[in-house]
Amino acid sequence: MAEAGNLLEVVGEPNATEMSRHLTRYVDMLSKCEEVRRTGTWGPNEKPVIEAQLREHGSSLIDLAGTLTSEERASVNRMLKASQIVPLVSLGVLLALIIYIVHFLGRAIMAPLKRFQNYTRRIAAGDFSPILPARRFRDEFSDLALALNRMLIELKTHEEKCIQAAKMAAIGTLTSGVAHELNNPLNNIAITTETLIDGNKTLNEEERGKLLQDVYFETERASETVKSLLNFSRLEKPEMFPIDLPEVIQSAARLAENEMAINNVTLSSSFGENLPRVLGAANQLRHVFLNIFINGIQAMPSGGPLFVTAYASDNARVCVEIRDEGVGVFPEHLPHIFDPFFTAKEPGQGTGLGLSVSYRIIQKHGGDMQIFSEPGKGTTVQVFLPAA
């Protein structure tokens, strides 16, 4: 009976009623059999009926137990499959969560890094304005921005000091250059004038004329220095027109013919076909090429060839190349070749303003000037001007 009760508990819904009925009948039959065994009396045909009923109910119980076992096995299989799917689903959810966290952290880190990369580009371009807050809360990047702002303040302070120092250095260079270039002719004028005063009665006309010519020459020399300074300091853009560059070059060569003849220098020119015109001021460009010719002539004291070539260059520009076979320029002098008052010539041979003025004129024309030189092998000057 206890075993039957336990079996009833195990069965449960939805077959509990049916099994309960069969169990009840089966238990009744067993009780009756126990009673008959104890009394030893059987009714007519009672034993076969009881046995048939026992077999019937027992068979039904066995069938129900098989059905319940199959259902329990199917339920266990479903639970096993679910137990296999749950870890996979959990793993997928975990991976999605990891991807989201990585993406969130990546954006939280990369966005400020990109901002600071833009800040460094701005600082490299010379913009020292302070970095403004990008977030409402303070984090490590806020501390970095504060450090950069302190650095910007220091950089701006040092830049102002460097600019002021550069201005003072430029003023010093200008002052010393002007003093040197003007003192020489003024000293010569003073000495010559003193000679004229002291020997006014003893000098003949030829000696007096020679001394006066020296005074005139030194005066012209001082005047040229002042004129070069004025040309160098002019900031206004020249009035430009389309001009034929070969004509300007040839007119500059004609102005230098006497110098070439005296120094035994020959000029060879070559101009490319269909050479485009350039937009510029003819007088200023003539002054540029004349300066370059004079430098080339002075670089060949024993004479030599001077080559001039003009051709269409890249980027819609015209290139004029002037090459000599003179003494050349030392490599340590090339970085300063366009500096005002810089000259590698002997004292009294130049003011050091010719190439500075020429370079400034070419820049005003929207062009460029480059110099290539090697000591003992000559110098090549390239002038680039935009085509009209």
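**Aromatic pairs and a buried threonine**

Two aromatic pairs are found when the whole structure is searched, where rings of Phe, Tyr and Trp (its six-membered ring) pair if their centres lie within 6.5 Å, and planes under 30 degrees apart count as stacked, over 60 as edge-to-face and the rest as tilted. This is a predicted model, in which local features need pLDDT of at least 70 and side-chain atom pairs count only at pLDDT 80 or more, while totals for chains, interfaces and linings use all residues. Residues are numbered from 1 along each chain as its sequence is written, and side-chain values use heavy atoms, with hydrogens and water left out.

**Y100 and F104**
- The ring centres of Y100 and F104 are 6.5 Å apart and their planes meet at 20 degrees, so this pair is stacked.
- Both residues belong to helix α3 (residues 46-124), where Y100 and F104 are four residues apart, about one turn of the helix; helices are DSSP runs (H or I, at least four residues), numbered from the N terminus.
- Y100 is exposed, with a relative accessible area of 55% (buried means under 20%, exposed over 50%, partly exposed in between, with a 1.4 Å probe and protein chains only).

**F116 and Y119**
- The rings of F116 and Y119 have centres 5.2 Å apart and planes at 80 degrees, so the pair is edge-to-face.
- F116 and Y119 are three residues apart in helix α3, a separation of about one helical turn.
- F116 is buried at 8% relative accessibility, and Y119 is buried at 15%.

**T192**
- T192, located in helix α4 (residues 140-198), is buried at 10% relative accessibility.
- With neighbours within four places in sequence set aside, T192 is in contact with L211, D214 and V215, contact meaning heavy atoms within 4.5 Å.

Terms used: Helix = DSSP H or I, 4+ residues; strand = E, 2+ residues; numbered from the N terminus.
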